[in-house]
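Dear colleague,

I am passing on a structure for you to look through, and my notes on it follow below. Please read them with the model open beside you.

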Amino acid sequence: MSEGGSGEVREGTALVEWFRRRQPEMLQLLGRLIEMESKSGEEAALVRLAEEVADYLRPLAAGGGEVALLPAPGAGAHLRARFPAMGADRSAEEPPREILVIGHLDTVWPMGTLQRKPFEVTADGRVLGPGVFDMKAGVTILLESLAALRALSLGTKRPMTVLLTCDEEVGSRTSRQLVEEEARRAAVALVLEPPVTGGIVKTGRKGIATFQVRAIGRASHAGLDPRQGINAIVELAHQVVALQALNDDARDVTVSTGLIKGGVALNVVPPEAEAKVDVRFWGAEDGARVVAAIEELRPVLPGAELQITGGINRPAMTRSAANLALFETARRLAGEVGLDLREQAVGGGSDGNFTAALGVPTLDGLGVDGAGAHAEHEHILLADLAPRAALLTRLLQTL
C-alpha cells in the first residue's frame, strides 16, 4: 500500500481505472448472478447460487484460505470464505482480528420474474434485473475486489472472512447464529447491502420486533343467536387500537399492524382473528418497553382470549462513535476514488444489526448506488460500479 496522501490518491485512482477496464467482465458476472434467480426459501436455487459463487472464490482463496458451503435445510446454503492477511507481518504472537464482510444471496423476487424483468443495461446508464440493487451488485463488487487484491498483489493487514447468507430477506432465521459467531472474531464488519439512494452508507439502523396477536372468541349463528357468540374480530379491533397507541413520534418508535385476517363465513360470529405487527425502535430501552407493552395486552370482551407470540428479531444498530469512526476512514478512502461519501441512520434492518449489537464497528450500505429495493423500478447506476469496487478494495487493504 502506498504511503502518504498523494500516493494513496494515485492508488485509488488506479484502482478505479482497473475496475473500469474490467466493466464488461463485471457486468457479465452481475448478469450471471441475476439470471440465477434466488428467492428466499427456494432451497435448490439458493444452493445452486452458493455453489456458483463458491466456484468463483476457491481460486482466490488458494494458498491458505478456505471456502465452505454451510447447508441450511429448507433455506438453501450459506457460504463462508476465509482469507489470510496478504503480506502482513506474521511474527506477532496474537494474530490480528479479522475483517468480516457480510452479504446475502437471497432476493424477494418470485422465481420467473426474470421473464418480465430481464437483466439489462439501459441507454441512460442504469442496470436492471431482479435483485440487482438488493444485493447482487454488492456481491459482484465483493468478488471483483477479492480478485483485484490477488491479481494486483495488494497487501492486506488483517485476515478476512466473507459470509454470504441465504435467508437475510426473511429475518436471518438460520443464519443469525452464524453471523454472530463470526462477528465475535472480527475487528470490523462491512455490510454490502445497497446504500441509501445517492450512495449514502448506513451507520445506524432501527431494531425490529414482530408479533402475531391472535384473538379467540366463540362462533355462533349471526342471525339466530348472535349474542351467544364472542366476536374475535371485534376483540382484535380493540387490540389494534391499543397497538396504535404505542406509537411514539417523539422517540421515533413505530408500531404498525400490517396484516390482519379473521372469520369463517359472513353469517358466523367469528371465532378467531389474527394480526401481524411490525415494531421499529432506535434504542434497546424503547424496544424492551414496547415489547413488554405488547406482551401485557389483555382481552377487552368478556370471554375472549388472546395469544401473543413474537419478539425482537433484530436488535438496534446504534449510530455509535465506533461506527462513525469507521465511516470517517471510509470517507477518506472514498475521496481517493472520487466519491463524496455521506452517512445516515435508517429504519430498515440487516445483518449489520447483529454485528453492531455485539460491539463490532459496523459500516453498512457499501453496495452500488441505485434505487428501488424490492420495487418494480429496482436498478443500479452503471457509473457507480467501478468506484464502489475500488472503495471496497481500499477498505480491505487499509482496515
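Is the crossing of α2 and α4 left-handed or right-handed? The crossing of these two helices is right-handed, where a crossing counts as left-handed if the near helix is turned anticlockwise from the far one by less than a right angle, and as right-handed if clockwise. Helices here are DSSP runs of H or I with at least four residues, strands are runs of E with at least two, and both are numbered from the N terminus.

Before going further, please keep in mind that this is a predicted model, in which local features need a pLDDT of at least 70 and side-chain atom pairs count only at pLDDT 80 or more, while totals for chains, interfaces and linings use all residues. Residues are numbered from 1 along each chain as its sequence is written, and side-chain values use heavy atoms, with hydrogens and water left out.

The chain averages a pLDDT (the predictor's confidence in each residue, from 0 to 100) of 95, and 96% of the residues score at least 70. Over residues 1-5, however, the pLDDT is below 50. Where pLDDT is low, the predicted coordinates should not be read in detail.

To return to the helix pair, α2 (residues 23-35) and α4 (residues 132-151) pack at an angle of about 135°, with their axes 9 Å apart; axes are lines fitted to C-alpha atoms, for helices over the stretch in contact, and angles run from 0 to 180 degrees between N-to-C directions. That angle makes α2 oblique to α4, because angles under 35 degrees count as roughly parallel, over 145 as roughly antiparallel, 65 to 115 as roughly perpendicular and the rest as oblique. Residues of α2, including Met26 and Leu30, meet residues of α4, among them Ala137 and Ile141, where contact means heavy atoms within 4.5 Å.

Helix α4 is mostly covered, since 18 of its 20 residues are buried (buried means under 20% relative accessible area, exposed over 50% and partly exposed in between, with a 1.4 Å probe and protein chains only). After α4 comes Ser153, whose phi is positive, near 55°.

Most residues other than glycine have a negative phi, and most peptide bonds are trans. Two further residues with positive phi are Ser172, near 55°, and His374, near 70°.

With best wishes
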